Amino acid sequence: MHISSNHAQARSTALWASLFLVALVASRVTGLFLSPLNLGPDEAQYWRWSTVPDWGYYSKPPLIAWVISTFTSVFGDSEWAVRLPAPLLHGVTAALVFSLGRKMFNSRTGIFSAACYLLMPGVTFSSGVVTTDAVLLPCFAFAMLMLWRLRDIPEDIASAILLGVAIGVGLLAKYAMVYAIICLVVAAIIDEPTRRMILSKAGAIATCVALLIVSPHIAWNLANGLQTVNHTVDNANWGETLPSLSNALQFIVDQMAIAGPFGLVTLFVAVPIILRMTPHASNSSELRWLLAFCIPIILVVTAQAFVSRAHANWAATAHIAGSLVITAILLEARIIRKRWWLGGAVIIVAAAMFTPDLSVVEKSVMGVGFGAGLLLAGALSGWTSMGILWGNLAVNGVVAVIFTAMAIGPVSWSERLGFDQSFKRSRAWPETVAALHDAALEIDADAVMVDERELWHAIDYYGRHDFPTGIYSWRRFGTQKSFAELRDIAELENPQVLIASIKPHPRPQLLADFSDVEPFGEIAIPLGGDEVRQIALYKARDFDPLVRNNAWKAMLD
């Protein structure tokens, strides 16, 4: 009777988990239909790639293009169709988090972990735009699930093959899948069953399958001058800037935008608690194993931020294990103490007050406001583990509602909340392209040259049906540095060119590449609030680019 009751409870929990996941994902899919936001530059770039399927592209591996191509071949090329994979794939990732949480702990922890993942602000945002993270994260989560299975049953050949598939496909999604390999090494060092599995036949099979899947992409890179690899190295930007502690602090604070303030504080507080657990403590091995798939990623990307720079989403894979750690430490361990959590909050608030690009007043307001909010939330929750867990879900849920409202609502909503800066790259592109269309017709242009890839991709997508001429992106450094610079305007014979310049700083160098240039007015497109997209126009002939030598470089300073 007791066993039957447990099975019934597990089935009931799984059912509620499924309903929650489906309802939340469905609401986000609905939001795509209602959203007036245009495709951003990266989204338009991925769409262009999807029209020419290949084993690699200039800046990313090919999976994002393949996925978009699959969806647009069925639903067409509208914005919602291009973005449709994002909420669906995040839903798949949440389902995998649920499965992993149920296998490692129980169904209750699984469903709360899935909710924690799906309601993270970073996932809410990423569900509304199509990115490489959306296709990477389910691969990473599936790899973790297969690894845990193999940890228990190393002779499970099917799981070994599926692990290889997850890693190989993940590498075709984004090179950040390499973090899974780094984390696996760390897990093997601290966890003897994982170490046994890696050194077994299962580890060899998984390695061979992963290499087999990724080998065509490696071959493509070798045949195309290592384009994707070189772009990844350029992104790291090593040696171009001095080490910066403020950049590292900024990256840590940015993780609040990914995990939410409650989640980030709880994760940081959980680390020393888990490390102090004795090996025989309940759930000790599970929690340490999860840390191996979370903390190394955050440390590596924080170091990258210190040495050069790092975007907040570069550690996105860490938050799969992070959502499980946050939930398990609160539900299973139940040893979060008020003084620990307050200490973590103080550290995060202090880091927030030292972030760059903010005035002293803005830092103070953010720090005091964040600190007061945490104190109030903690007091209302009674500082209990369940109170903190529900507080995390509630805060992230409110953020999700606000963000969704701004994304699908009128411009005035984001204006009042001061978020116009965040949405400006996804607004008024059809109007911008229409204005450039008319200008190109007016001067009978043979080509339009732009000085920013985001403008090139906007014209490419929103002018795909009727733009009157070819689009070229200025090769600032003389050689291709982005997909938009694939075509060289030098291939045309003395064309009449409409120059559309959106970046004032390098504009003199752009104009200097033509012998015959005259101003042709300006386009000003309102984006909401005080934001305006300004594009300077020029008529130009006689393209004769300057030699990119030291003297030319000095012109850019």
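Mentor: The model is a predicted one. Its secondary structure amounts to 27 helices and five strands.

Trainee: What percentage of the 557 residues of the protein count as buried?

Mentor: The accessible surface of the protein is about 24,500 Å², and carbon and sulfur atoms account for 64% of that area. Among contacts between residues at least 6 apart in sequence, 75% join residues at least 24 apart. As for burial across the 557 residues, the share is 53%.

Trainee: Why does the distance between the end C-alpha atoms of helix 6 agree with its number of residues?

Mentor: Helix 6 covers residues 107-118, which makes 12 residues. The expected span takes 1.5 Å times one less than the number of residues. The result for helix 6 is 16 Å, and the separation of its end C-alpha atoms agrees because this too is 16 Å.

Trainee: Which residue caps the N-terminal end of helix 6?

Mentor: Helix 6 is mostly covered, with 11 of its 12 residues buried; Ser107, Phe112 and Tyr117 are among them. At the N-terminal end, a side-chain oxygen lies 3.2 Å from the backbone nitrogen of Arg108. The capping residue that provides this oxygen is Asn106.

Trainee: Does Arg83 count as buried or exposed?

Mentor: Arg83 belongs to helix 4 (residues 79-83). Burial requires under 20% relative accessible area. The relative accessibility of Arg83 is 4%, and therefore Arg83 counts as buried.

Trainee: Which side chain does a polar contact of 2.7 Å join to that of Arg83?

Mentor: Leaving aside neighbours within four places in sequence, Arg83 is in contact with several residues, including Leu32, Asn38, Gly128 and Val130. The side chain joined to Arg83 by the polar contact of 2.7 Å is that of Glu43.

Trainee: Are Trp49 and Tyr57 stacked or edge-to-face?

Mentor: A search of the whole structure finds 15 aromatic pairs. In the pair formed by Trp49 and Tyr57, the centres are 4.8 Å apart and the planes make an angle of 5°. Planes under 30 degrees apart count as stacked. The pair of Trp49 and Tyr57 is therefore stacked.

Trainee: What relative accessibility does Gln255 have?

Mentor: Gln255 is placed in helix 14. Leaving out residues up to four places away in sequence, Gln255 touches Gly260, Leu264, Ala312, Ala315 and His319. Gln255 counts as buried because its relative accessibility is 1%.

Trainee: How far apart in space are Ile252 and Ala305, C-alpha to C-alpha?

Mentor: Ile252 lies in helix 14 (residues 245-259) and counts as buried at 17% relative accessibility. Ile252 and Ala305 are 53 residues apart in sequence, while their C-alpha separation in space is 9.4 Å.

Methods: Residues numbered from 1 in each chain as written. Predicted model: local features only at pLDDT ≥ 70, side-chain atom pairs only at ≥ 80, totals over all residues. Heavy atoms only, no water. Helix = DSSP H or I, 4+ residues; strand = E, 2+ residues; numbered from the N terminus. Buried < 20%, exposed > 50% of the residue type's maximum accessible area, 1.4 Å probe, protein only. Polar contact = N/O pair within 3.5 Å; in protein donor to acceptor, adjacent residues only side chain to side chain. Contact = heavy atoms within 4.5 Å. Areas by Shrake-Rupley, 256 points an atom, 1.4 Å probe, with all protein chains shown as cover. Phe/Tyr/Trp six-rings, centres within 6.5 Å; stacked < 30°, edge-to-face > 60°.
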